[in-house]
Amino acid sequence: MTREPYTGTTRKLILGIDVGTTYSGISYSILDPGQVPEIKHVTRFPAQDRAGADSKIPSVIYYDRNGVARAFGAETMTEGIESQAVDEGWTKSEWFKLLLTKSPAAHKQVPPLPAGKTPISVFSDFLGYLYRCAEDYITQTHHNGAALWQGVRHGDVHFVLTHPNAWEGAQQAQLRDAAVQAGLVPNTPLGQRRLQFVTEGEASLHFCLQQGIGEVDPRGKQGILIIDAGGGTIDLSAYSPIVCDGRAGFQEIVAPHCQLNGAVFVTFNARRHLDAKLKNSKFHDDLDDIVKKFDTSAKNTFRDPKDLSFVRFGRIKDNEPATGIKNGQLRLAGEEVASFFEPSVRSIVSAVNSVDFHGGHSISRAFIVGGFAASDYLYYKLKEQFDPMGIHLFRPDAHINKAVSDGAVGYHLDRQVSVRVARYTCGLGIGPRYDPDIPGHREREGQTFVGYDGTTRVHGGFSVILRKNTKVSEDREFRRQYVRLLKDRNDSLSTEILRYVGQAEDVNWMDTEPDNFIELCTITLDEDVISRIARPQMRQSKMFFSVEYEILLRFGLTELQAQIVWKENGIVKSTPAIVVYPDDTPSIVYSSFDQDVLPTPGKGNAVVPPDVKEIESRTPSLEDQKESLGGNDDLDAPWDAEGQSDLLGSGDVEIPADHFEAGHIEAEGIGEEEQYGEHEFPPEGGDEDGDGVLADFEGLDPLGDGAELLEAEREAGKEGRSGGEDSEWENV
């Protein structure tokens, strides 16, 4: 793959950090103006046995009784360290990455953390150690290393952190907090812009492209499968080549997949088997040592189920024929060892078999990387399964255990993936206008309420902004228009963005699967903004207020970004791109155009300051917001108004006060058959007077562009539907 010279005007350093379940590594690239970037990797760590021979170190830390880290990585493998740890009461932390997964079963496999330590603080300690290792290596290896480091350390070091395919916003928020605690970046807009995330699957694709994957035809339907077989997870990603804006690249052809069946689970399986095998043996007390020796020897050399495997753990005089122990070695039949690998092999093959590649795509080549890929048994077993399927399996001819960190740097430099697949459906809870002729409405007649505007609506509806399996490019925006009706002009406005994680294709009501709707984030406009843009309206001599705005989502990058957009005095404005994930430490994601330091939000919420800048001066993607809202081809809506008449019902809708006419509501420039509306349902338990109601102006333009927007939304809605043609692997 040919890489262009760096076009920046100042030197930068890119660090790709892969903190794995069992091993971690660092790669880097020094960007000099006019020079073609090269990807290098750190190959020398403190206490490493073979400096320069390995690019990874164990993801292990020893803590003393006070919670102070005493040994990291290769230092934890030195002679006598275990005895010292026992004598001084140290605690060993390993596999801590599994604590960030959603699997309680995986959590049980992780040794207890030291008192006062959390998964994030342990992660932070290890990130800080890797950063110091990178500094030492670069300053000691490059002839001008010390000067180089001094030149970039204050603001010109950019970080790319990798994570499993299944990790989402909550885990990214935790990693971001860990990076701040470790001192990698400050918690400021400028600091946050120097921190990026990439999935291990996409990083592995970039690594494979750097190694060469053969000819690919962007006009064909042949896809490639990337298998990142790591210590904790096995990440599967599928891509096909495309040409976008004259540039060759790749698109996801199915949502990424992730399973907790990496190399460490082979060891867990071995432990369970050996625990039962040695239950009545005098050597059962040696179980920990036997498992450790299996993990570092027999597991790595195992290749053929027909061959015996041996685990040396004791003295020459240690014998127990009944359990297969002779001369200090435990003998294991090949079938026994193969059974330890079987869940991992089965999960990969099952995942590939279960994928329905709609759109005519098929997989012809697969590339396996990661530390687990070094297992000959895993490679040949998968090859045996893939060959009849017409899939050729390859292992890149390089240090496959540095694939992810190298690929992380490649992701920053090359950005080969331009189109991704949405993993889930996102939207808002709403209350559509009640229509007794619609079955779903009649079934919920007891859940109706009357809003401030006098319209009867029904609780429990769901308004889709982005549909699952939709193809999303990095510059593609998904938006819908809403109006909130408020009792008081000084109220704040909070909107929950929800994701639907069930299997239904069309999601209309939340009460049918309440447990499958999960809050992604909450965006809030504070009272100062509301007081300036709320419009007074009257009904039966009672005043209420309407606030007109759009929800805008960007899913093209590896992080979700959400914004509220509104018009104030004829100028289109937006909040900064804010992401706050519930049940985790709040985190703010700043777009590249955000310059101001925002106040720290409360837990599960983000309050936007009133002095928000105009969009035109803040974001290149919205340089001409009026033109974009008036029918730009990139404008996206998840569905069109006309296509939803059977769901939402037709008729009168809430509109701004200056559109009222003598008891009849009519939208300017839009025919009666195109008027549809929705309301967000009030909080659980009622709110009969309609406080907190949200009206969706589907087919209308509260920002003032009228009928032209309706047509643009129709076209964009059709595009959004047709884009979601690929299915998704079911993650375990």
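Is phenylalanine 340 buried or exposed? I looked this up in the predicted model and found phenylalanine 340 buried, with a relative accessible area of 1%.

**Entry 1: histidine 163.** I placed histidine 163 in strand β8, residues 157–163. I recorded 1% relative accessibility for histidine 163, which counts as buried because the cut-off is under 20%. I then found a polar contact of 3.0 Å between the side chains of histidine 163 and glutamine 172. Beyond four places in sequence, I listed the residues touching histidine 163, among them Leu175, Phe197 and Glu200.

**Entry 2: aromatic pairs.** I noted a count of 23 aromatic pairs. Phenylalanine 72 and tyrosine 129 are stacked, since their ring centres are 4.5 Å apart and their planes lie at 5 degrees. I located phenylalanine 72 in strand β6 and tyrosine 129 in helix α3, so this pair ties together parts 57 residues apart in sequence.

I next examined phenylalanine 294 and phenylalanine 340, an edge-to-face pair with 5.7 Å centre to centre and 85 degrees between the planes. The pair links helix α9 to helix α10 across 46 residues. Phenylalanine 294 is buried, at 0% relative accessible area. I also traced a cluster in which ring pairs link Phe72, Phe96, Phe123, Phe126 and Tyr129.

**Entry 3: helix α11.** In helix α11, I found Tyr377, Leu378, Tyr379, Leu382 and Phe386 buried. Their cover includes β10, α10, β16 and β17. I saw arginine 395 over the face of tyrosine 379, 4.2 Å from the ring centre.

**Entry 4: tryptophan 509.** I found the charged end of arginine 444 over the ring of tryptophan 509, 4.1 Å from its centre.

Note on methods:
Residues numbered from 1 in each chain as written. Predicted model: local features only at pLDDT ≥ 70, side-chain atom pairs only at ≥ 80, totals over all residues. Heavy atoms only, no water. Helix = DSSP H or I, 4+ residues; strand = E, 2+ residues; numbered from the N terminus. Buried < 20%, exposed > 50% of the residue type's maximum accessible area, 1.4 Å probe, protein only. Polar contact = N/O pair within 3.5 Å; in protein donor to acceptor, adjacent residues only side chain to side chain. Contact = heavy atoms within 4.5 Å. Phe/Tyr/Trp six-rings, centres within 6.5 Å; stacked < 30°, edge-to-face > 60°. Lys NZ or Arg CZ within 6 Å of the ring centre and 35° of its normal.
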